[in-house]
Amino acid sequence: MSQPKKGQAVSWLIRSLRITNMRVVSQFFFFSLFIFLLWVTWFSRLGGYPVSLFLELDPLVGIATAISTHTVYRWLWRGLLLLIATLLLGRFFCGWICPYGTLHQFVGWLFNIRRHRDNIDKNRYKPIFSFKYYGLMIFLVLAAFGSLQIGLLDPICLLTRSIAVAVAPGIDAALPPSMSFLSSSPGAGELRIFSGAWFVGLMLVALVGMNLVIPRFFCRVLCPLGALLGVLSRFSLWRIDRDLTKCTDCDLCLRRCEGASDPQAALRKSECFACFNCLDDCPEDALAFRLAPVSLKDRIVGSIKDGTAKLFGRKLISQRLDSEIAAPDMPRRRWFLAGIAGVFAFPFLRLSKAVNKRGFNEKAIRPPGTVEESEFLERCIKCDQCINVCPTNVLQPSTLAEGGLEGLWTPVMDFSVGFCQLNCTLCSEVCPTGAIQKISIEKKLGVGKHKQQGPIRLGTAFFNRGRCLPWAMETPCVVCEEVCPTTPKAIGSYKATVKRWDGKEVQLERPYMRPELCIGCGICEHECPVIDDAAVYVTAIGETRSRDRTLLLGSKKQSS
Amino acid sequence: MAKKPISGEHAPGVEHGDPTLQRLRRRTFIKQAAVIGGASAVAGWAALAPADWPLSLRDPDGERGKPREPLVRLPQGGFAVPPKPGAAALGIARGQQIDKMVRSAVDSIGGIGHYIRSGDVVVLKPNVAFERPAILGATTNPEVLTSLIRLVKEAGAREVRVVDNPIESPQSCFRKSGIERAAVEAGARVYLPSPGEFATLQVPGAKHIARWPFFWRPFADADKVIGVAPVKDHNLCRASMTTKNWYGLLGGRRNQFHQDIHGIITDLALMLKPTFVVLDASRVLFRSGPTGGSLADVRPGHCIAAATDSLALDAFGWDELLRRQDKPKPGYFEQAAAKKLGEPRWRSLSRKDVNIG
């Protein structure tokens with residue numbers, strides 16, 4: 001009891017100031033920030049927050065849209081920040097910031113019941129981890145052709161979509177009324193609907209669940225953003241460096257290695273998340289995160305066989321002499337192969353009628369401010385922030401039916417669920433890529449200085465007289481005329497006095513459409529009492545974003 | 001003979017005759033049999049015991065498994081208070097100073113103190129149907145609402161609730177119409193509709209809405225109800241004023257109402273007997289109703305009126321504010337009058353006109 005042990009003299013506070021603990025704090029902070037920004041993406045909570053910040057910081061979004069559109073929209077320059085940081089520090093984003101990565105790491109940690117020895121095996125690099133580079137190449141080639149598909153797998157898009165379309169509405173449904181202020185859509189009136197939510201949710205559950213089979217499965221195998229950052233990190237100035245005179249080749253650094261970057265041998269720079277668990281776990285203190293470390297293999301003097309090898313005068317211990325593999329595990333020919341696959345993928349996708357210039361899906365009704373369909377497919381990253389913010393729930397993730405695989409999860413309007421509210425442009429505010437361009441209310445309504453251009457039309461409403469109550473069943477109705485928001489109303493009615501089958505005379509107002517006034521907002525379809533297959537319904541024809549899809553002679557395309 | 005060690009109950013090679021082993025086996029058997037027997041008995045009871053026995057789940061014809069909808073009723077006689085002797089039936093204030101006009105109109109029908117007691121919970125029902133700025137006349141003027149809330153609070157109301165179930169998305173409607181802000185700043189509480197807030201209301205004698213989803217939560221412990229509606233043209237029922245205003249308290253398939261809109265408005269008059277109603281003609285939406293959308297559809301009405309009889313007040317609005325007295329009145333006046341729900345011949349009633357200027 002005479003002398004305290006070395007460790008006890010240091011306070012718990014100092015001892016907790018480890019870089020891995022800093023990393024956990026960083027992950028917690030960014031994950032919370034991500035959730036917070038999605039939570040405030042709602043009519044009553046918007047207040048100047050950069051709600052799509054993570055999407056804008058994502059350099060894959062910036063680079064891929066720059067390839068597809070040759071422009072960098074609004075806030076997408078923010079991706080540069082991460083790009084530069086990656087060139088300095090490597091893929092630290094994956095270990096310190098990425099909210100999806102945090103989710104994977106947390107779940108993997110919580111449900112990890114493997115023995116140390118098995119963990120070490122699970123965290124060795126495997127050839128399948130190069131799969132993500134093929135994906136990245138295919139996505140970038142597709143972008144060059146004008147089909148932006150990164151959103152299918154980009155982690156920020158994927159998590160934003162999963163939360164907006166599946167997780168948040170699921171939590172809303174479970175909240176008791178007394179806690180509805182926490183809901184993602186307070187004051188929405190009804191619980192929101194999202195078509196195809198099952199698949200988005202299933203994808204989230206399956207990908208997160210894969211952590212039990214392969215730790216960080218998504219990050220190591222699939223993530224196209226991780227792949228991009230991995231390619232960039234070959235130039236990074238800092239990396240994990242192993243001291244060959246201390247390392248005993250015990251492999252304990254692999255026990256909690258998140259990226260499977262082989263710190264026990266030649267470090268794979270492209271795979272390292274800079275999580276620093278290896279620094280914690282090394283019993284010999286042989287690992288460090290160093291600026292511009294160099295390979296010291298050829299500085300070894302003496303014989304390794306005899307055990308007399310020395311490095312700068314110190315005895316060499318490790319038998320693994322290589323210190324880094326800078327580039328991803330992708331020979332040039334493989335990149336080429338992936339590129340060819342991308343070249344083929346483009347026609348495979350674009351031959352679908354739904355997204356082809358000659359094809360035209362009448363139910364692919366896009367939100368106001370959306371650019372023309374072919375440009376839209378260059379820009380939309382399927383993040384579904386527009387769907388998240390939509391106050392009437394009219395915006396729905398497209399299923400395979402409306403847009404094929406290429407248009408999957410892009411926003412389309414379903415007027416059986418909601419309608420496009422007249423004085424609302426929220427979807428255009430939150431769109432990070434300009435697929436829906438930021439527009440003002442004046443522009444949407446075609447008033448003020450936009451009077452010449454006229455209002456933005458999303459489509460045109462049609463009557464199905466065979467199902468319309470006053471037309472087909474001699475029953476008064478005209479809800480459609482009542483709710484039509486244009487002035488003068490785009491729906492008018494003919495007065496008629498009709499003798500019914502039972503001899504009763506009824507006064508009817510039979511609605512008709514004035515197509516030049518209709519803006520395609522769909523409130524008539526939404527409020528029509530023939531709810532299963534509305535007697536008045538909107539289709540995309542007549543939308544002002546396209547010249548090919550006009551209906552009336554003399555109608556103009558709205559430049560957006 | 002040396003005793004053989006027992007290495008386990010199922011250890012191979014252990015002699016069956018060993019008494020210790022047999023005891024252990026018996027004990028295990030009894031335990032397991034008790035679990036099986038107990039579980040079977042509980043399951044059997046739940047499934048087979050007659051339905052009225054405790055813990056029985058038995059449902060031989062499927063009736064017991066059907067959901068039971070909670071039914072609610074508004075208080076007998078509604079929220080009306082007996083009229084004040086000597087007070088006018090119609091209080092009509094003309095001018096441009098909203099606050100004074102509201103006070104004057106209410107004073108004319110007996111004063112707020114007659115209607116609101118100290119400690120009352122008061123529900124105010126403005127028309128917030130559409131997400132339009134108030135200036136377009138499609139919704140209640142927020143200034144009128146503010147004055148009314150202040151008035152009610154001065155009379156000692158414990159809580160003032162502002163309630164509507166709009167056609168368009170509720171939060172946007174409350175926000176853009178300015179009603180939310182007016183209500184919150186004047187110290188009232190806003191109730192937005194959500195599925196949990198509704199209950200099925202029984203309206204005995206109603207033609208269509210004898211049982212209909214009703215925005216119940218704010219009404220559950222309410223003492224008084226005041227309607228405050230703008231004067232609007234309406235494409236189908238030709239006018240929307242204080243009686244049609246109650247439409248915004250209902251949920252469910254409201255878009256069926258248009259098949260007999262006057263029958264429905266008559267039902268609404270039957271459903272809710274308010275403490276009093278206020279007709280807000282600070283702006284009159286005289287065409288393109290009920291939505292409007294252009295300033296050209298709106299003209300100033302320079303009038304705010306109050307009454308306990310919403311039918312009389314609507315009739316006054318039709319004649320004098322929409323200026324349609326030479327046209328036949330919308331059908332609901334006749335239907336509601338036939339049911340003695342009000343007096344559309346407003347000129348026969350006592351009135352008090354005040355000109356505020």
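Domain bounds here come from an automatic or database domain assignment. For chain A, that assignment gives domain 1 (18-173 + 210-296 + 323-350) and domain 2 (460-539). The centres of domain 1 of chain A and domain 2 of chain A, taken over C-alpha atoms, are separated by 54 Å. The model is a predicted one, in which local features need pLDDT of at least 70, side-chain atom pairs count only at pLDDT 80 or more, and totals for chains, interfaces and linings use all residues. Residues are numbered from 1 along each chain as its sequence is written, while chains are lettered from A and ligands numbered from 1 in the order in which they are written.

Chain B is also divided, into domain 1 (24-59) and domain 2 (71-355). Here 60 Å separate the two centres, again over C-alpha atoms. Chain B holds 9 helices and 12 strands. Helices (H or I, at least four residues) and strands (E, at least two) are DSSP runs, numbered from the N terminus. The radius of gyration of chain B is 32 Å, well over the 21 Å that the globule rule gives for 357 residues, so chain B is more spread out than a compact globule. This radius is taken over C-alpha atoms, and the globule rule is 2.2 Å times the number of residues to the power 0.38. The C-alpha trace of chain B spans about 120 × 40 × 40 Å along its principal axes.

Of the 357 residues in chain B, 49% are buried. A residue is buried if 20 or more other C-beta atoms lie within 10 Å of its own, exposed if 12 or fewer, and partly exposed in between, with C-beta atoms placed from the backbone. Two residues are in contact if their C-beta atoms, placed from the backbone, lie within 7 Å. Among contacts in chain B between residues at least 6 apart in sequence, 74% join residues at least 24 apart.

Helix α9 (residues 331-338) of chain B has Y332(B), F333(B) and A336(B) as its buried residues. They cover an arc of only 105° around the axis, which puts them on the same side of α9(B). The arc is that of the directions from the helix axis to the C-beta atoms. The cover over these residues includes α7 (261-271) and α8 (310-321) of chain B. K340(B) follows α9(B) and has a positive phi, near 55°.

In chain A, helix α4 (residues 59-69) has several buried residues, including P59(A), L60(A), V61(A) and G62(A). A64(A), T65(A) and S68(A) are buried in α4(A) as well. What covers them includes α3 (53-57), α5 (79-89), α9 (131-145), α13 (224-232) and α16 (373-379) of chain A. Just after α4(A), H70(A) takes a positive phi of about 60°.

F30(A) sits in helix α2 (residues 19-39) of chain A. F30(A) is partly exposed, with 18 other C-beta atoms within 10 Å. Not counting residues up to four places away in sequence, F30(A) touches I97(A) and P99(A). F30(A) and G369(A) are 339 residues apart in sequence, and their C-alpha atoms are 31 Å apart in space.

The two chains also touch. The contact takes 34 residues from chain A and 27 residues from chain B. On the side of chain A that touches chain B, helix α22 (residues 479-483) of chain A gives the most, with 4 residues. The residues of that side divide into 18 nonpolar, 10 polar and 6 charged. Ala, Val, Leu, Ile, Met, Phe, Trp, Tyr, Cys and Pro count as nonpolar, Asp, Glu, Lys and Arg as charged, and the others, Gly among them, as polar.

Some backbone angles remain to be described. Most residues other than glycine have a negative phi, and most peptide bonds are trans. R216(A), not a glycine, has a positive phi of about 50°. R216(A) lies in the loop between α11 (197-209) and α12 (217-222) of chain A, and is buried, with 27 other C-beta atoms within 10 Å. A274(A) also has a positive phi, near 55°. Its place is in the loop between β2 (267-268) and α14 (277-281) of chain A. With 23 C-beta neighbours inside 10 Å, A274(A) counts as buried.

A cis peptide bond joins T487(A) and P488(A), with omega about -5°. P488(A) lies in the loop between α22 and β11 (491-499) of chain A. In chain B, the peptide bond from G289(B) to P290(B) is cis, with omega near 5°. P290(B) is in the loop between β10 (276-285) and β11 (298-307) of chain B.
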